[in-house]
Amino acid sequence: TMLDLSPLSKITEVNLFFLRGCSGLTTLDLSPLSQVTEVQGSFLKGCSGLTTLDLSPLSRVTGVQRSFLEGCANLDVVDNPPACPPPSGWVATVCSTTGFTKWARK
């Protein structure tokens with residue numbers, strides 16, 4: 001299942017429970033959220049249906065909460081995360097061939 005976020009293209013922050021528990025989502029295009037600079041609370045917590053996620057649209061974000069991506073059980077690697085410390089349970093790695101940063105589950 002997909003969710004069209006394009007009507008949200010002008011928002012600059014996502015609040016506490018935005019997209020929390022959306023376990024039926026299998027694909028999520030975050031590109032409409034490219035203006036977001038602040039991520040609060042448990043954004044994307046419990047989105048267990050996601051298997052891949054590109055966070056490059058969140059490049060303006062300067063920090064994420066500990067519960068960010070918590071409960072995304074089928075998500076092992078997140079591509080192009082923001083340049084901030086990863087949330088609890090994740091570790092930042094740099095791909096030696098491409099130089100791109102990823103967050104990987106600990």
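Which residues do ring pairs link into a cluster? Ring pairs join Phe18, Phe43, Phe68 and Trp103 in this way. Rings of Phe, Tyr and Trp (its six-membered ring) are taken to pair if their centres lie within 6.5 Å; planes under 30 degrees apart count as stacked, over 60 as edge-to-face and the rest as tilted.

The structure is a predicted model, in which local features need pLDDT of at least 70 and side-chain atom pairs count only at pLDDT 80 or more, while totals for chains, interfaces and linings use all residues. Residues are numbered from 1 along each chain as its sequence is written, and side-chain values use heavy atoms, with hydrogens and water left out.

**Confidence and overall form**

The predictor's confidence in each residue is expressed as pLDDT, from 0 to 100. The chain has an average pLDDT of 89, and 100% of the residues score at least 70. Confidence is lowest in strand 2, with a mean of 87, and highest in strand 4 (residues 90–94), with 91.

The chain contains five strands and zero helices; along the sequence, the pattern reads β-β-β-β-β. Helices (H or I, at least four residues) and strands (E, at least two) are DSSP runs, numbered from the N terminus. The chain has a radius of gyration of 13 Å, close to the 13 Å that the globule rule gives for 106 residues, so it is as compact as a globular protein of that length. That radius is taken over C-alpha atoms, and the globule rule is 2.2 Å times the number of residues to the power 0.38. Along the principal axes, the C-alpha atoms of the chain fill a box of roughly 35 × 25 × 20 Å.

Of the 106 residues in the chain, 34% are buried. Here, buried means under 20% relative accessible area, exposed over 50%, and partly exposed in between (1.4 Å probe, protein chains only). Among contacts between residues at least 6 apart in sequence, 56% join residues at least 24 apart, where contact means heavy atoms within 4.5 Å.

Three strands form an open sheet in the order 3-5-4, with antiparallel pairing. Strand 3 and strand 4 are the edge strands, each pairing on one side only. From one strand to the next, the twist averages 25°; axes are lines fitted to C-alpha atoms, for helices over the stretch in contact, and angles run from 0 to 180 degrees between N-to-C directions. Two strands are held to pair if DSSP finds at least two bridges between them.

Strand 3 pairs with strand 5 (residues 101–105) in the antiparallel sense over three bridges. Strand 4 and strand 5 also run antiparallel and are joined by five bridges. In the hairpin of strand 4 and strand 5, six residues lie between the strands, and Gly99 takes a positive phi near 80°. Bridge partners in strand 5 include Trp103 for Val78, Lys102 for Asp79, Ala104 for Val91 and Arg105 for Trp90. In a regular strand the side chains alternate between the two faces of the sheet.

**The aromatic pairs**

A search of the whole structure finds three aromatic pairs. Two of them are listed below.

| Pair | Centre to centre | Angle between planes | Class |
|---|---|---|---|
| Phe18 and Phe43 | 5.6 Å | 15° | stacked |
| Phe43 and Phe68 | 5.7 Å | 20° | stacked |

Phe43 and Phe68 both lie in the loop between strand 2 and strand 3, and their pair links distant parts of the chain, 25 residues apart.

Phe18 counts as partly exposed because its relative accessibility is 22%. By contrast, Phe43 counts as buried at 0%, and Phe68 counts as buried at 1%.

**The surroundings of Ser42**

Ser42 is located in the loop between strand 2 and strand 3. With a relative accessible area of 5%, Ser42 is buried. Apart from its neighbours within four places in sequence, Ser42 is in contact with Leu16, Phe17, Phe18, Arg20 and Ser67.
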